[in-house]
Amino acid sequence: MAKKLKILFLLINLLPLSISAQIKVKSLPSFPADSTGSSHHVHGKLIDLNKGWKVYLNPDDKNYVKANIPCTWDGVETLYFENEINLSNDEIDNSVFKLFWGGINYSIEIFLNGYNIFKRSIGEIPFEIELPGDLIKADSPNKIVIKIDNKLDSKRTIPLKQRFLFPKKSSGIYRNVFVRILPKTHFSQFKINYLLDTNLSSASGEIKVGIENIDLLNEALTGKDIVLLNLKLTPQNFTGNSFSYDFPLTFSNTKQSEHLLKINIPNPALWSNESPNIYKAELSLLANKQIIDKSEKTISFLRIENRNQKLILNNNPFFLKGITYIVNESEIIESGYIEKLKRDFTFIKNTGFNAIRFAKAYANPLAINLCNQLGLIALVELPLNSVPEELLTDTEFRTRTISRFNEMVESYRTYSTAVIWGIGSSFLANSTLTGDFISNILTSSSDNGKITYCSFVGIQNEKIDGLDLIGIEIYSTPPDKLTDALEILSDETTEHNYFLSEVNYPNYYGISGGYLLKNSTEAQAKYFGQIIDVSRNNNLSGFFINTFYNYNGDFKSLYGGNEFYYQLGIFHNSPTSNNIVYKVLDAKLNNKNKVTIPIGNSKDENKLIFILIALGLSILMALLINTSRKFRDECSRAFFRPYNFFSDIRDQRIISGVHTFILLIVESGSISLFFTILFYYLRTNILFEKLLLSFGESSIIRGFSYLAWNPEKGFIIIFLFVILKIVFISVIIKAASFFIKTKIQYSSIFFMIIWGLLPFTILLPVELILYKILAIGTYNSIIIIVILLFWLWILQRIFKGIHVLFEVRKLTVYLYGLVIIILLITGAAAYFQLTNSALYYLNNSFKQYSLISF
């Protein structure tokens, strides 16, 4: 006993060491401090915290690995990062300290010298907090511990756990972290709001200024001293007029003071796609002409509005010609960080696009800032997608969404003024609950001067308060079918402003020689060109091609193409003009001559292996029936007189074991072939992908995707699974028989199940043409009904076999059998509902699919 306790003690003590050894943190190339492009205090000092971190699985664990930021890790969802800062007495007495983080996925807790000072879900939105002065120690290390948890949930996080075509979740820290040292009296708020007049000849501005510890400044001054605020607007990237404004301040004994300053800017240089003019705004707090604090930010002047169901930019009609850009931050950092973004965005701008949509992820601040500099409208949105209606009515979820939307707008507006703000994507069109949710989010926002959008599955007809642009998502919808659906929008009395928010067409096969091969590069080029024409011909406000690059996701995709690598983009990893899709888009966007796309040849998607397997099994069955009279008689009796046949099995009358084994092979082959064909047909089906995704387990969709896209291997795997399942069911029935008097040998139960599955042999001729029938699509509803009836027949035969073998009343067998099946289904449903809200997402998937086809 003592020896066992000793071993247990060693295991418990060695376990943390083994866990710590599993931490794999990879440091990425460093980037400059304060490379976020945010506003900053000129008089402030920065303490770079990107280096020298200790990483733990547990804060009490003495084992750690060292890492620098940016970094990435694998295998765990929660990590602790520890660092130290040293501050002098003078700094503590005369300064305040603010910790800035460019964004962390997903939730974070911050400890300073052992005290929890911050706990929040922030989701990669840049944030800044003040370090409490009473917790900071002078002339000794101040320990900062960051607990990072990037686990997602089906109800409580943004984004949610079930993420359709979302980029891979960031298991890493990809943005700057530093401490700002500011004077005691400093700016706590610096916001600029403005309104251009209708003639664009002047801008009326409101400057919201907050000053912290203003009372300390008042104590050091007399009534004769002059204290004022000075605002300067100077051209940053162009030559033009500068503006300067002075605002005297009166003395106040309050610790904090807030000021609303009004200015008028005559003839400001406007921001546009062609001339993205940007001003640098400098706000200074001066006492007797001495600068106490100074803060800088950029601002651009433009008037973007939704007028008469049209998007208007600087009094001119504006047609959105956009593309979706998925930011892979680890690749960006390894490829030169801002230079990578600059190359890509410049290529996008030169192609003729005027807008970039940052979908399904919180936008990188650098990307927003670059859009502003290059003259690209940025569409920034919450990473919400396919939210079930049951969640939309949840008060906690609504509160969280409102808070996150306001935080997003508040944070990202410092990087660009040319932004359209989005609630999310794949919302149910014409849902009362959805409309009420979106309206509640938008009307709860403190800023009413912004343009907003939301992306829907289907065409939203009902008006939603506060929503300016209605996005329509397209998933390989035929252009003629889309045109028919958009006819209603040509009515001039419509109250909505529509645009195609997401035009999807996956490219599975690459360059094939022609567009007749579905989902080839040429087919993608032709499709995008046709959809652009549809958007222009149907009174829409624009379109967004999805996406610039292929990208990786956390879930294997069916529609996206077999792997974690989603093949939706124009390019794989680097843009090139030698690309047929690019050439078509370039021609369409710049009104150039039409690009000729090769026609090529179509491809029969029906696999030859399906026909060969069905023929082989059919021939084997036919040979047995025609060469063995006994086998033919046994099949006839098992089909038409199953009661008598199962009685013979119970009474152990001679049933050929060889025939039974061959029948097992044929039946298992038929069942496997049936599911292989069905899975292969569903390999690109959006509904099926969403249904699998609803369970929230990547292993489910990963397994199905492998079987669907690899039919040869899938057939073998399913074949072996069917045989093992028959063995397993036989064992379960044998185990259950211990509770009744009648004792039956295992072999008899095994034989009963095999002969009970005999009807699967008659499916073999059908399986020769099953894929072609499914591909036609006309008879799929009838096929579903027939398949359900067929499986009920099989179930009835198994129940009858149990009834005959064990001489149990038929009603008892059927009752207990159905109860067991219902309990299994109910138990699985309850498990997935409690863990991942699966029933909500399943219901939402069916509703979405009915809308995708318009």
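## Starting at L815

L815 is exposed, with 51% relative accessible area (exposed means over 50%, buried under 20% and partly exposed in between, using a 1.4 Å probe and protein chains only). The residue sits in helix α24, residues 810-836 (helices are DSSP runs of H or I with at least four residues, strands are E runs of at least two, and both are numbered from the N terminus).

L815 also belongs to a nonpolar surface patch of about 640 Å², together with Y816, V819, I820, L823 and L824. Patches take residues with over 30% relative accessible area and no salt bridge, joining like charges within 9 Å and nonpolar side chains (Val, Leu, Ile, Met, Phe, Trp, Tyr) within 5 Å. Areas come from the Shrake-Rupley method with a 1.4 Å probe, and for residues only the protein chains shown count as cover.

## What kind of model this is

This is a predicted model, where local features need pLDDT of at least 70 and side-chain atom pairs count only at pLDDT 80 or more, while totals for chains, interfaces and linings use all residues. Residues are numbered from 1 along each chain as its sequence is written, and side-chain values use heavy atoms, with hydrogens and water left out.

Mean pLDDT (the predictor's confidence in each residue, from 0 to 100) is 87 for the protein, and 93% of residues reach 70 or more. Residues 1-21 are the stretch to treat separately: pLDDT is below 50 there, and the model gives this stretch six contacts beyond near neighbours in sequence. A contact means heavy atoms within 4.5 Å.

## The overall picture

The protein has 25 helices and 35 strands, and its C-alpha atoms fill a box of roughly 120 × 85 × 45 Å along the principal axes. Of the 854 residues, 55% are buried. The accessible surface comes to about 38,200 Å², with 56% of that belonging to carbon and sulfur atoms.

Take the contacts between residues at least 6 apart in sequence: 74% of them join residues at least 24 apart.

## A look at helix α18

Helix α18 covers residues 698-709, so to speak a 12-residue element, and reaches 16 Å from its first C-alpha to its last, close to the 16 Å expected at 1.5 Å a residue. That expected span is 1.5 Å times one less than the number of residues.

Its buried residues are I701, F704, S705, L707, A708 and W709. They pack against α16 (657-681), α17 (686-693) and α19 (711-736).

## Salt bridges

Side chains of opposite charge can pair when their charged atoms come close. The whole structure holds 27 salt bridges, each a side-chain nitrogen of Lys or Arg within 4 Å of a carboxyl oxygen of Asp or Glu. One of them pairs D554 with K168, with the closest N and O atoms 3.6 Å apart. D554 is in the loop between β34 (551-552) and β35 (565-566) and K168 in the loop between β12 (142-149) and β13 (172-173), so this pair ties together parts 386 residues apart in sequence. K168 is exposed at 52% relative accessible area.

E634 and K630 make a local pair, 3.2 Å between closest N and O atoms; both lie in helix α14 (629-640), four residues apart, about one turn. E634 is buried at 4%, while K630 is partly exposed at 38%. R650 and E807 meet at 3.5 Å, N to O, linking helix α15 (642-650) to the loop between α23 (780-806) and α24, 157 residues apart. E807 counts as exposed, at 55%. Elsewhere, salt bridges with shared partners join R357, K360, E381 and E502 into one network.
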